[in-house]
Amino acid sequence: MAGMRGRQTIRDMILSMLAIGGVVGVIYYTALPNDDEGDPLKRVDYRVEQVTAQRAAPYPIVAPKGLPEAWKPTSVSYKGYDGDAWHLGFLDPDKEYVAVEQSTEVKAKFIPKVTHRAENTGKTQQVNGEAWQRWEGPKYDALVREEKGAITVVTGTAPLSRLTEMAAALESKPVPKPSPAIPKT
């Protein structure tokens with residue numbers, strides 16, 4: 001009889017574990033974010049970092065304006081200690097990666113770094129009446145423009161049409177003026 005009781009205890013313990021596992025599984029799957037496409041990348045709001053970067057950078061920081069909601073901003077950073085590097089990462093409507101990169105770093109070092117070794121094709125692309133250099137690479141293609149002491153690169157896995165769409169949406173805002181200091185009394 002003792003042998004029978006041991007088997008029942010093990011069987012009961014296994015059934016209890018399965019029941020608990022089922023409850024935990026239901027809770028886990030119902031607690032997952034209900035993004036319409038199950039995309040684990042969260043949309044970021046880059047406005048605060050943009051204002052901070054505009055105040056700190058020695059060049060006009062650019063960001064897109066007027067892109068459709070289907071463009072999803074996923075990353076943002078400003079690294080004053082690393083060539084005054086401004087970065088905005090997006091997923092385009094087709095879930096391809098597009099990044100806006102700006103820096104005062106040496107062109108020969110910066111562009112290959114942010115484009116994963118893309119090379120200048122010698123061709124240009126007109127965007128809003130301005131010529132951008134076309135770069136192509138094994139991983140990323142890019143549009144590159146130099147002005148006002150900085151290099152701007154629109155790069156990623158997206159096709160040239162999407163890179164052009166991003167470049168066309170870029171604009172710089174005037175640097176916010178610091179509020180006047182309150183005099184000490």
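Reader: Let's start with Asp94. Is that one buried or exposed?
Author: Asp94 is exposed, with a relative accessible area of 51%. That is just for orientation: this is a predicted model.

Reader: Which residue does Asp94 form a salt bridge with?
Author: Arg162 is the partner, and the closest N and O atoms are 3.1 Å apart. Asp94 sits in the loop between β3 and β4 while Arg162 belongs to helix α4, so this pair ties together parts that are 68 residues apart in sequence.

Reader: And Arg162, buried or exposed?
Author: Arg162 counts as buried, because its relative accessibility is 18% and the cut-off for buried is under 20%.

Reader: What about Asp92, what does its side chain meet?
Author: The side chain of Asp92 meets that of Arg162 in a salt bridge, at 3.7 Å from N to O. Asp92 lies in the loop between β3 and β4 (97–103), and Arg162 in helix α4 (residues 160–169), so the pair ties together parts that are 70 residues apart in sequence. Both Asp92 and Arg162 are buried.

Reader: Which residues are linked in that salt-bridge network?
Author: Asp92, Asp94, Arg162 and Glu165 are linked in it.

Reader: How many salt bridges does the structure hold?
Author: There are 11 salt bridges. One of them is formed by Glu136 with Arg134, where the closest N and O atoms are 3.8 Å apart. Glu136 counts as partly exposed, at 41% relative accessibility.

Reader: Okay, switching to strands. How do β5 and β6 pair?
Author: Strand β5 (residues 119–127) and strand β6 (residues 130–136) pair in the antiparallel sense, over 6 bridges. Within that pairing, Trp135 in β6 is the bridge partner of Asn120.

Reader: What's in the turn of that hairpin?
Author: The hairpin has 2 residues between β5 and β6, and Asn128 in the turn has a positive phi of about 50°.

Reader: While we're on α3, which of its residues are buried?
Author: In helix α3 (residues 107–115), the buried residues are Phe110, Ile111, Val114 and Thr115. Looking down the axis of α3, they fall within an arc of 105°, so they line one face of the helix. Ala108 and Lys109, on the other side of α3, are exposed.

Reader: What do the buried ones pack against?
Author: The buried residues of α3 pack against β4, β6, β7 (141–147) and β8 (150–156).

Reader: Now α2. Which residues are buried there?
Author: Gln50, Ala53 and Gln54 are the buried residues of helix α2 (residues 47–56). They cover an arc of only 105° around the axis, which puts them on the same side of α2.

Reader: And which are exposed on the other side of α2?
Author: Val48 and Arg55 are exposed there.

Reader: Which strands do the buried residues of α2 pack against?
Author: They pack against β1 (62–64), β2 (72–79) and β3 (85–91).

Reader: Where is the place of Met13?
Author: Met13 is in helix α1 (residues 2–31). At 48% relative accessibility, Met13 counts as partly exposed.

Conventions
Residues are numbered from 1 along each chain as its sequence is written. This is a predicted model: local features need pLDDT of at least 70, side-chain atom pairs count only at pLDDT 80 or more; totals for chains, interfaces and linings use all residues. Side-chain values use heavy atoms; hydrogens and water are left out. Helices (H or I, at least four residues) and strands (E, at least two) are DSSP runs, numbered from the N terminus. Buried means under 20% relative accessible area, exposed over 50%, partly exposed in between (1.4 Å probe, protein chains only). Two strands pair if DSSP finds at least two bridges between them. The arc is that of the directions from the helix axis to the C-beta atoms. Contact means heavy atoms within 4.5 Å. A salt bridge is a side-chain nitrogen of Lys or Arg within 4 Å of a carboxyl oxygen of Asp or Glu.
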